[in-house]
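Subject: Structure handover and notes

Hello,

Please find the structure below, with the sequence alongside it. My notes on what turned up follow.

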Amino acid sequence: MNAPAQLIDAKALKRQAAELRGVVVEMCHRAQSAHLGSSLSCCDILTAAYWDVLNIDPAAPDDPLRDRFILSKGHAAMALYATLALKGFFPRDELVTYNQDGGRLAEHPPANQLPGVEAATGSLGHGLPLGNGMALAGRINGQDYRIYALLSDGENNEGSVWEAAMFAATQKLENLCVIVDYNKWQATDRSNEVLALAPLADKWRAFGWDAVETDGHDVEGLARLMRKVPNGSGKPVAIIAHTVKGKGVSFMEDDNNWHYRAPTHEELAAAHRELGLA
Amino acid sequence: MRNAFADEITKLGQEDGRVVMLSGDIGNRLFDKFKAAQPERFFNCGVAEQNMTGVATGMAMNGLRPFTYTITPFATTRCLEQIRTDAAYHDVPVTVVSVGGGLAYAGLGPTHHACEDLAFLRAIPNMVVIAPADSWEVRAALRAVLKQDRPAYIRLGKKGEPVVHAGPVADFAIGKAITISEGADVCLLSTGNMLPEAVEAAHLLKDQGLSARVVSFHTVKPLDETCLAEAFARFPLVVTLEEHSLNGGFGSAVAEWMADNGPQRARLLRIGTPDAFFKKSGEQEYARHLLGLDAASIARRAADALAPA
């Protein structure tokens with residue numbers, strides 16, 4: 001397996017995240033689909049993972065020794081598709097088929113048909129149990145790959161997340177890392193007003209995880225934390241990434257209308273200008 | 001069936017390094033031998049069936065052959081979405097094994113009854129649904145699912161049921177029903193733990209001068225259509241027997257087959273549990289008797305159906 005092509009330079013990672021956001025906004029505009037805000041909030045996390053941390057090779061997407069990245073918040077599929085296409089897992093041209101009739105790129109990631117998609121997600125609370133199984137399979141098969149699962153904050157409502165959290169701690173799955181995209185909104189309300197999430201890092205700690213809070217838009221900082229898995233604690237690692245829904249486009253930031261809204265032609269152009277892509 | 005499962009899975013664990021056993025905190029001491037032989041491939045997942053099923057899927061995606069195990073409602077209904085979306089949608093070889101199918105645990109009350117599981121599991125694409133009839137079929141079914149590469153459900157009864165087969169079922173094949181005894185007047189198609197009742201019902205019918213073919217229809221999905229076509233052409237009456245609701249289970253599957261395959265010679269009599277919770281205390285034998293699932297009721301209903309109007 002090839003070593004990941006690392007962009008050591010923080011500025012380059014930042015530019016990469018902006019390019020990713022630009023592609024995502026354009027996909028959303030073309031498809032007029034939902035979940036733009038949720039996709040933009042995790043672009044820095046995906047950039048850190050795919051352009052720095054993960055030991056993956058787009059030419060060998062099924063390599064048994066690869067690191068696994070599970071987009072448990074499957075509604076951010078646009079961000080994952082854009083990432084995989086930019087990394088070369090499938091042709092970038094295919095992104096125009098997103099949400100179109102007959103394509104492979106549905107509004108949530110599909111099973112068994114798109115290189116680089118580790119699991120079909122979209123029903124929340126599934127990714128972490130799958131990650132547990134992948135981690136144990138690695139242990140049983142004598143492979144030391146790492147597993148990263150990206151969860152939304154709303155996803156922490158699901159009981160299966162906490163079943164999985166206890167299990168991972170019991171099994172000391174130190175190759176497993178959860179990143180919570182804590183953008184403070186879920187579909188229709190403020191996450192902490194829907195169900196009491198806070199104090200979220202303390203919850204993960206209480207469930208036996210080594211939990212840390214960080215700025216979810218500091219790509220370099222995220223990469224540093226994610227690279228350090230396993231981190232020597234003997235515990236699975238939870239990174240509570242504080243993010244802003246709609247991050248990167250001023251008129252979308254922290255405005256939950258963009259959970260369902262899609263940009264017009266003019267809004268697309270404005271977004272690209274703000275991202276420095278126009 | 002339960003002890004046969006534990007014994008056979010222990011053997012399979014020794015023979016095949018891919019076999020992993022996941023228990024939902026059930027079967028006290030049942031898996032001691034498996035654990036002793038393969039401590040790194042046994043996991044007590046706790047009372048957390050959603051996670052257990054997801055874990056199994058993550059393992060199956062990576063070359064292992066996990067078996068999840070707990071009491072039927074918790075192995076199936078509690079985590080039905082994980083079975084559907086994780087195991088079945090990804091089409092990976094997770095085997096869900098449940099104990100206490102139907103009214104096997106009647107005494108534990110409706111929380112532990114399972115008369116809907118076949119309907120739920122049968123509706124899921126890619127799933128194979130097997131209800132073995134006795135301990136020999138349990139052993140054969142386990143070996144059969146290990147030879148295929150897809151998700152499966154195996155529904156067990158409890159421990160200590162009557163054994164019908166004389167020994168190992170050498171020619172067991174998924175989707176291929178097994179004729180237990182031949183007859184000419186009525187064909188009894190039994191799935192799962194109802195087979196001993198079917199055998200007994202055939203004896204009772206014989207006393208009335210009626211001969212019954214008894215079939216162990218262990219695979220509910222995929223259906224053995226060859227067996228059905230032959231039976232419906234040959235007999236005036238085909239009876240389906242299941243310890244499961246008449247809504248959506250084995251009898252329903254056969255009725256669907258009939259509807260899709262044109263007029264048949266035989267009429268179909270479906271025997272199963274009603275569309276109601278069984279709320280009385282009492283054990284399986286009592287529940288069967290009350291619900292008309294015992295051999296005497298089966299024989300009577302079959303004879304009535306055959307009697308000229």
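Chain A contains an open sheet of 5 strands in the order S1-S2-S3-S5-S4, paired in parallel. Strand S1 (68–71) and strand S4 (210–215) of chain A form the edges; each has a single partner strand, so one side of each is left without a neighbour in the sheet. On average, and ignoring direction, neighbouring strands of this sheet are turned by 20° against each other. Please keep in mind throughout that this is a predicted model.

Helix H9 (residues 219–227) of chain A lies across S2, strand S3 (176–182), S4 and strand S5 (237–242) of chain A. The angle between this helix and S4(A) is about 165°.

The peptide bond from A:Ala198 to A:Pro199 is cis, with omega near -5°. A:Pro199 sits in the loop between helix H7 (191–194) and helix H8 (200–206) of chain A. The other detail is A:Lys184, which has a positive phi of about 70° although it is not a glycine. A:Lys184 belongs to the loop between S3 and H7 of chain A. With 19 other C-beta atoms within 10 Å, A:Lys184 is partly exposed; the cut-off for buried is 20 or more.

Next, the contact between the chains. On the chain A side 19 residues take part, and they are in contact with 23 residues of chain B. Helix H5 (127–141) and helix H6 (159–170) of chain A are the elements that give two or more residues to the chain A side. H5(A) gives the most, with 10 residues. By class, this side of chain A has 10 nonpolar, 8 polar and 1 charged residues.

Turning to chain B, its secondary structure comes to 12 helices and 12 strands. How does the radius of gyration of chain B, with 309 residues, stand against that of a compact globule? The two agree: the globule would be near 19 Å, and chain B has 19 Å. Along the principal axes, the C-alpha atoms of chain B fill a box of roughly 65 × 40 × 35 Å. Of the 309 residues of chain B, 55% count as buried. Among contacts in chain B between residues at least 6 apart in sequence, 78% join residues at least 24 apart.

B:Cys115 lies in the loop between strand S4 (95–99) and H6 of chain B. B:Cys115 is buried, with 28 other C-beta atoms within 10 Å. Leaving aside neighbours within four places in sequence, the contacts of B:Cys115 are B:Gly102, B:His244, B:Ser245 and B:Thr273.

Is strand S8 (residues 186–190) of chain B buried or exposed? 5 of the 5 residues of S8(B) are buried, so this strand is largely enclosed by the rest of the structure. Both faces are covered, with B:Val186, B:Leu188 and B:Ser190 on one side and B:Cys187 and B:Leu189 on the other. S8(B) pairs in the parallel sense with strand S9 (residues 212–216) of chain B over 5 bridges, and B:Ser190 stands opposite B:Ser216 in S9(B).

Chain B also has backbone details to list. A cis peptide bond joins B:Lys221 and B:Pro222, with omega about 0°. B:Pro222 is in the loop between strand S10 (219–221) and helix H9 (225–234) of chain B. B:Asp91, a residue other than glycine, has a positive phi near 55°. B:Asp91 lies in the loop between helix H5 (80–88) and S4 of chain B, and counts as partly exposed with 16 C-beta neighbours inside 10 Å.

Regards

Conventions. Residues are numbered from 1 along each chain as its sequence is written. Chains are lettered from A and ligands numbered from 1 in the order in which they are written. This is a predicted model: local features need pLDDT of at least 70, side-chain atom pairs count only at pLDDT 80 or more; totals for chains, interfaces and linings use all residues. Two residues are in contact if their C-beta atoms, placed from the backbone, lie within 7 Å. Helices (H or I, at least four residues) and strands (E, at least two) are DSSP runs, numbered from the N terminus. Ala, Val, Leu, Ile, Met, Phe, Trp, Tyr, Cys and Pro count as nonpolar, Asp, Glu, Lys and Arg as charged, and the others, Gly among them, as polar. Two strands pair if DSSP finds at least two bridges between them. Axes are lines fitted to C-alpha atoms, for helices over the stretch in contact, and angles run from 0 to 180 degrees between N-to-C directions. A residue is buried if 20 or more other C-beta atoms lie within 10 Å of its own, exposed if 12 or fewer, and partly exposed in between; C-beta atoms are placed from the backbone. The radius of gyration is taken over C-alpha atoms; the globule rule is 2.2 Å times the number of residues to the power 0.38.
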